[in-house]
Structures are given as C-alpha cells and as structure tokens.
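I opened this model to look up its charged pairs and its pockets. My notes follow in the order I took them.

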Amino acid sequence: MKFINQFGAIATLTILGKVVRSIGALQDCDSLANIQVETCAATNSNIYCKNKDNDIIYSVVPNTDQTGCVASDNPISVENTSETLTEVNFFFDNDNVLIKASGSVDSAYTCIYTNSVLGACSSEKFEDSSSSSLPQHRYYINHASDSLSGALVNYSSGGFSVVDGKNGSYYPGNNGLIKCSGDRCSNVSINISSGANVYYLSTLVGYIIKCSSSTECENVPVTSESYFQNNAAAAGESPYQLIYCNGSQCEGLTTTSGNYVDGNTGYVIECNGQPTCNVNSDVGNFYLSTNPNILIDCTGTSCENVQAKIGIYISGKDGGKFITCDSTSCNELSESEYKKIPLCEVESNKCSVVINNEGVAEANTLLPEGAYCTNSDKSILYYATGTIELQGSIVTTSSSNCIQASQTYYQYYYTVGSTIYHVDDGEVTQITAPGYYFINTNTNKLVTGSKIEDYNNPYVKLYKCNGVSCVVIPNPSSVTYIVDVSKRIFKYSGNTYTFAYDKDVLCAYSNNKCIPNTDLKSTEFCVTSAGELVIAVNDIEAKKSGDCYKSNNMSNEIFGYSSNLYKLNLYDATLIDSTGYYLVSVSTNSTTEYKEFSGKNQDIILYGCTVSSCSVKTPEEGVYYYDNISNYLVKYDSASSQWIFPSNNGYALVSVEPGEKYIRKFTIDSTSTNKVTLSDKVSDGYYYTTDNEMYECPNTEGTSCDLIDESMYVMTNDNELFYCNVDDDNLASTVCNKQSCVLGELYYIGGYHFRCVTGNIFNILSTKYCNTDELVVVNFPTAFSETYPSNVKNAVDEIAKNNNNTATVKAGSNHLTVIPGIFTNCTYDKEEKIASFDLVCIENYVVLDNEKEPQICSTAKLGFVGCNEDSENPDKCNPSSAMTIFLSKVAIAFAMLFLGFMLY
C-alpha cells in the first residue's frame, strides 16, 4: 500500500526476502558421545539436545557415573511466560548452547506450550522452503530470556540476530505486534477493523510500524513528511497522539489542537486537546494546518498539504466559513469579517451584488475586476472577470462578468495590473510563485510551446514574481536571457524574444560546478531541474563537471563570466554593456564589499568593459580603479597583496575604463563606508595626489598625466606650493614638501602677486585686497629670483654691494626663503587679473635723513627706522644707493615714494 501525502508517496518495505543460508539443528539426544563430560558438567552449561522421538528439547547433563553426557528428564524451561502463550521460541548457538542474553544464532525452534507444559518443538517456522520465505525485519520473542537483554531475535537480510528489547517500545513480530515493558517482551492483542491499518512508533530510524491485522505487522519506511495516528495513544499506552515523520526520521508528537493530513487514509486528523485525535473522513475544501502558511487541500480525492497563496478559500468546516491568507499566514474569518464579503446572484453568467440588509457597508459595493463575492449560503466563490454592479443598478452588463471558482479554470491566468489571479475549486488566490510568466492577457493563458511568435504576441506580457508579489517586466534595455516557469531559456535582443537555443541543456549545479546531461558547447547557459539559470564558464562534456555560476535566490544578483560578462539572477542574466570596471569577489561572485578589501590575499577579480567587450584585467601599480556599481575607488598594492582605499579627499591617478587613466578629484562620502564621488578629468596643470606624488597634466586631449621627472618648485592648480626633490638615479622616491606662508602677506611668484590664506594657500591677489593708499608687505621667494622686477633686483643688489647685507628672511620650517619689501599704490588690471605696486623699500635698504642719520627699511614696522651699527658688519648702515639722500624724519614717509621712483 502507498501512503499518499502532499509531498509524495511512501514506498513500502519489501515484505519477503530469501534466506541466504539454511537454519542449523540441535544435536540428537541419542548422539551425545562427542560431548566431553566436563562440558555438560560445567555450571550453567545450558547445552541442549532434541529427542527425535517426541521432538522435545532436553538439557544435557553428566550421566550417573560421570563418564559421559546424556539428556536429562527435564524439558527446556520457559523464562518469558504468559498465560496466553500457546507456543514459545528458543534459539541456540553453534555449540548447542541456549541463548538467553546474547550469542550468535545457529538453530531456532518453536515449541508447543499448553497449560505451562512444553510440547513438541520444530524449526519449520524458521526454515526457507520452495513455497514460502521468511518475512524480513520481523522480531521473535526469545522465551529463554528473563530480562530485556536478548529478549528479541530479529530476522533481516537472510540472518538472525539477538537484540535487546527497549522498555516501552513496539516491534513488528512474526505473529502480530510485540511490546517490551518492565523485564520482558510479549505479544500485544490489537483490534483492527477489516481493511484498516493502525500505526506504532518503530525503533528503526525513518520507519513506522504498520499493522493491517492482529497478526500482520511490519516496519515501513516513510520518505516524506507525514502524520499518523499513534494507536498506542488510543490504548492509553503513550502520551503521543500522533507519529510525525519528516522524511528521514519519525517521532512521537504531542499536540493540543490542530489539523493534519492522515498519512494512512488521506483524510484529516483533527486534534482538539483530548488524549487521542480523530480522523474526519467527511472532508472538503480547505482546512487550516499547524503551519501558518500551509493549508490542507481536500478538494480532490484525498487531502494534501499545499503552500498557501494570497487570497481567500472556502473552509472545510461546517457553517460556510472562509480562510484568508497573506504572504506569511492564514486565518479563518470571524463572523463579522465574513459578513463583509459581498453576496452575488448569478443569472445568465452575469453577477450582481445583492444589497445586504444587515447594513455591512463593505458588502454593499460594486466590485472591480479581480474582486470576489459569494452566494447566499456561502458555499461558492465567484471571481469578478469584469465590474460587478449592485443589484438594481441602472448600469447593465451585457456580457459575462464573473466565473464560479472551480477546477474548470485551474489552468487560466487572470491578470489585473501586475496581479495574477488563480481560480480553482474553493479558492480565489494570487499566483506569486517565483519565476517568469509569459501570459497572454487576451486568452488568460500561460504561453508555452515551440512557436516563438506566440511569445512576441502583442497581448503577451512578461510577469516576474518573487514569492510575494509580481511585476510586469518592460522590454529590457540590454541583451537579456531569461528562463520562464516552463524551464525554457529565452534571449531578448533587438526588441524581440527568441529561443536561446534549439534545445536547452539540462544541468545539475553545486558549489560553482555543474554537470550537463548533454555536451555544452558554444552554449553559455544551461538550466537546472528546478528551472534555474546557470552560466558555464567554458564548454563542458556531457556527464562531466565544469566551472559554472548560479545565483542562490532572486534577491542575490551575482556576476557570471563566460564569453561575456553578465549580471546573473536566479532566473535571468543581463549582458553587461556599460563601459567601466567591475570589482568582483570570487567568494560571492558579487560586487566586492568594503570589508572584503581589507584582508590580505583576498581573491578579487577586476573586470574591465568597453561597452559589452569585457575581460579580466591585471591592476596596474599606483592606479586607482573606480567601480561603477559600488562607487569604491581602490588600488592594488602588490607589496602587501592588498587592495587599498584612499584615506582622504583629494586627487588620484584614476582609471574609469580600460585604456584610460588620468588625474581626477574625488570626495569620500562621510555617510557611507568609503564610497566616493568622482569628478571629471582635471584641467592642465600640476596636481599633488593623496599618494604623495606630483603629476603634470597636459592640455592635449588623449594624453595622460605624468609624474614630474626633475626637482622643482611646483604651484598646483589648488594654489599650493610644493618643493619636489627628484632623485636623478631613481634610487629613492620623489619627496614633495608643501611650502608654508605668512597668513595675510603677499608673495610675488612667476609674475603674479599671491595672497597667503588659511591652509598655506597662495591665492591670486584679487581687486578686493588691492588698495591704493595701503602699505603692504610683498615677499619675493629667492627660488624665483630670475623673475624679480628690475627695481627689486636693483635694490637687492645695492644692499649686497653697499651694505654687505642681505634682505632674505625665513619664517620657519617649510617656509619659503624670501626677500620682503614694502609696497603701496596698488592698481589692478581686471582684464589680465594682474596687480601692480609702487615700491617703497626692500628689507634692510638704508637711506639718510636730513640730519644725515641712517634710516633702515623694516617690513615689520612698515617703514624706515633708525639703523643701529653692527660691529660685525660696519657697512650695515651705509646708504644703499650711490646717491646720498638727506631727509628729515618728518619727510621719511614722503621719501619712500621718491625712493621708489629712484629705484625704478
């Protein structure tokens, strides 16, 4: 017999099997000469023989003169007794020793047992003959055992084995059911109706005991999830009302309430908190199960567990009740809830909503397409194929607007927007099972078959469902492969669907390997038996294993690389046709996550794509690569075998597509983990990167930026001044030091005046800071002396010549060595954006006042001050100019202008 449930059939165990060897026999009581007297005289020797005249088994003992062994006058004794016994079993080893607790069975006998008197014994029950054979996996009571040790003998696979009985356990015996309890095992009397079966827990893993009569019990395997009534509970001998099998093992189940599919009858087991559960054979429609998203479907010839779908079902309970299910659970509607379901009357295949006099507003409304209603006794559901008006409405329907929920419409797919409705016996539900559906919305049929024009019909829409809901899929913008619920692979390209292959290849997939059932040649895709899409890396011979890619689920999108690079889902693959880079983790085949970059020797593949032409790229040292999907910017450091993120905002040598690299500015997003916003290519000029390297970018299109190759001062496009020391022998790395400046002061560099602002930034002097009546300090870096204005150069030369002095000043570490001067009368050329000044004096420049006292230029005082003699430099206070100037102290300020004129 097969036990049917929603997950398949339980195969019955083979009842009969041939004995592979003959059973042995006890020695004849008249032939004991070969037994040594010491053997039979030993205490507890337990040696027995069989009298061929009366077939009774006797113990073997020493004769009276202790010279040999003879049969005693006492028949074998029965230890495991019962008043109801009519026969008993004994088992012996190869030395004719009675097995009480353990041993290897050589011979076995069944003896008549009447009124506690042992009669004739026979081994016929244990012997194979041409007309019959011993039942497999059956147990025999060992009536020589006085405890549970060795209390049973099992026949299986052509041999006998002694086993211990387990207290409280049941066994299929050779003549009915055996139960072990206390210190013995005995046959159990069970009452079974003709044609019925009862069940008990088995000691074999994955088996239950099925008894079809009081004398016929057997172990049967249960290979799928099933429930059975536990007959031991009905007899008050077990706390478990049910036996539950999950497909690999069975166990007792105590339940307070709930419905279960009976694995025996296919009806419903109803448990309501009593010691036993009852089987309801008067079933129909649907029942709640103990699993929140599983229903018991009894609309067919037998009941089965089914995955609940979103929608409404007619309950199998009395009273016209309903069950509603969402994506996670099902519940039976309360009276107030089911009164909200509109009532419909049907005439000529047209429905109208009956006005509900109970005043429930929700029930007194017109119904749109996709809604449902019921009849007056709530035994039928109707699905609205069009709008259902209220009864008596002035709007009349000329065509059918509803169908009765029945098996007639089982294979139809009714769509309203993105929702797919399923109509069947006792249910109006939604189809959301994961996968792609080609549905003809005109015929309400799922498109199948070998005519590709049927799939490109203008009425056909492609739906994608994820187990909870569905969406209508617009035509893809890129080449896409999909496998639909019929397990056929399609290719979308050029605004049309085609069959990807004349015949799809079926393959088995596991752990990035797949085995095709036929040769997989020049074919990128195969499909699993579950209808999942697989990408093969290379050609694979039939029945052989090869490298493959497959997504784990619909929400897990991975990359798969064959002759092309694809974004692969469980049921679809989209060709990558966007130019750029894709950093893929080998362990997940997905876009590499932040934490995966941080470890050493992480296996990460860099795919570079130019439109749809993609290949694996070897990262170039020092170049950052930008992933368009993750927005990560990383470079590979071969010395540490690690991918590295930039730590600060700034500039980097970046490649955003194969064959291109350029300096770009990037900003790290503070709200996410190291994702960056990347700017366009920089304009021509100098740029200092976050890797502490100085690049010069040309103004020529199509060329790249290069590292500087000689030592120099560099003003970057960000108005930072660096001094870079390049090792001509390339033995050491180039070192660039940022130059500092004095906040608010001006610097003359390369023909331009710069103003020092916060951060040691040299900003071009703007008109805002150009005032005609202001005295300012302008610093002239000595590194740029060849660009000095002539008046400054002359003044510096005169100080050196006439004063044996310099005008140089260095404010501190990394500050420029400069020659400062005082200037005034700033004018600004807005077109050229250039400022010009009148020179007042250069630091340490000396003039004489009208009292012939030397006055020295001090930028700190913004003017001339008295010059103090210096014993180490007697020329310090000499007039710097060859033309002696005599000015009064009052006129010193005015002399500044005159001096400026003289020095030009």
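**Entry 1: salt bridges.** I worked from a predicted model. I looked up the salt bridges and found 20 in the structure.

I began with Glu 87, which pairs with Lys 125 at 2.7 Å between the closest N and O atoms. Glu 87 sits in strand β6 (residues 87–92) and Lys 125 in the loop between β8 (117–122) and β9 (138–141), so this bridge ties together parts 38 residues apart in sequence.

**Entry 2: a pair across two strands.** I then took Asp 572 and Lys 464, whose salt bridge has its closest N and O atoms 3.5 Å apart. Asp 572 belongs to strand β52 (residues 572–575) and Lys 464 to strand β40 (residues 460–465), so the parts tied together are 108 residues apart in sequence. Asp 572 has 7% relative accessibility and counts as buried, because the cut-off for buried is under 20%.

**Entry 3: Lys 544 and Glu 541.** I noted a salt bridge between these side chains at 3.2 Å, N to O. Lys 544 is partly exposed at 47%, and Glu 541 is partly exposed at 46%.

**Entry 4: Lys 550.** Is Lys 550 buried or exposed? I found it buried, with a relative accessible area of 12%. Lys 550 lies in the loop between β49 (546–549) and β50 (558–561). Its side chain makes a polar contact of 3.2 Å with that of Glu 532. Beyond its neighbours within four places in sequence, Lys 550 is in contact with several residues, including Tyr 509, Thr 528, Leu 533 and Ile 558.

**Entry 5: largest pocket.** I read a volume of about 620 Å³ for the largest pocket. Its lining has 30 residues, and the closest to the centre are Gln 307, Lys 309, His 422, Ile 431 and Ala 433. Strands β26 (304–307) and β36 (419–424) each supply at least two lining residues; β26 gives the most, with three. By class I have 15 nonpolar, nine polar and six charged residues.

**Entry 6: second largest pocket.** I read about 360 Å³ here. Of the 21 lining residues, Thr 84, Leu 85, Thr 86, Asn 175 and Asn 187 lie nearest the centre. At least two lining residues each come from β6, β9, β13 (176–181) and β14 (184–188). I have the lining down as six nonpolar, 13 polar and two charged residues.

Methods: Residues are numbered from 1 along each chain as its sequence is written. This is a predicted model: local features need pLDDT of at least 70, side-chain atom pairs count only at pLDDT 80 or more; totals for chains, interfaces and linings use all residues. Side-chain values use heavy atoms; hydrogens and water are left out. A salt bridge is a side-chain nitrogen of Lys or Arg within 4 Å of a carboxyl oxygen of Asp or Glu. Helices (H or I, at least four residues) and strands (E, at least two) are DSSP runs, numbered from the N terminus. Buried means under 20% relative accessible area, exposed over 50%, partly exposed in between (1.4 Å probe, protein chains only). A polar contact is a pair of N or O atoms within 3.5 Å; within protein, one must be able to donate a hydrogen and the other to accept it, and residues adjacent in sequence count only if both atoms are side-chain atoms. Contact means heavy atoms within 4.5 Å. On a 1 Å grid over the protein atoms alone, a cavity is a set of points where a 1.4 Å probe fits but cannot get out, and a pocket is an open set with protein on both sides within 12 Å along at least five of seven lines; lining residues have an atom within 4 Å of a point. Grid points are joined across faces, edges and corners, and a volume is the space filled by probe spheres set on the points. Ala, Val, Leu, Ile, Met, Phe, Trp, Tyr, Cys and Pro count as nonpolar, Asp, Glu, Lys and Arg as charged, and the others, Gly among them, as polar.
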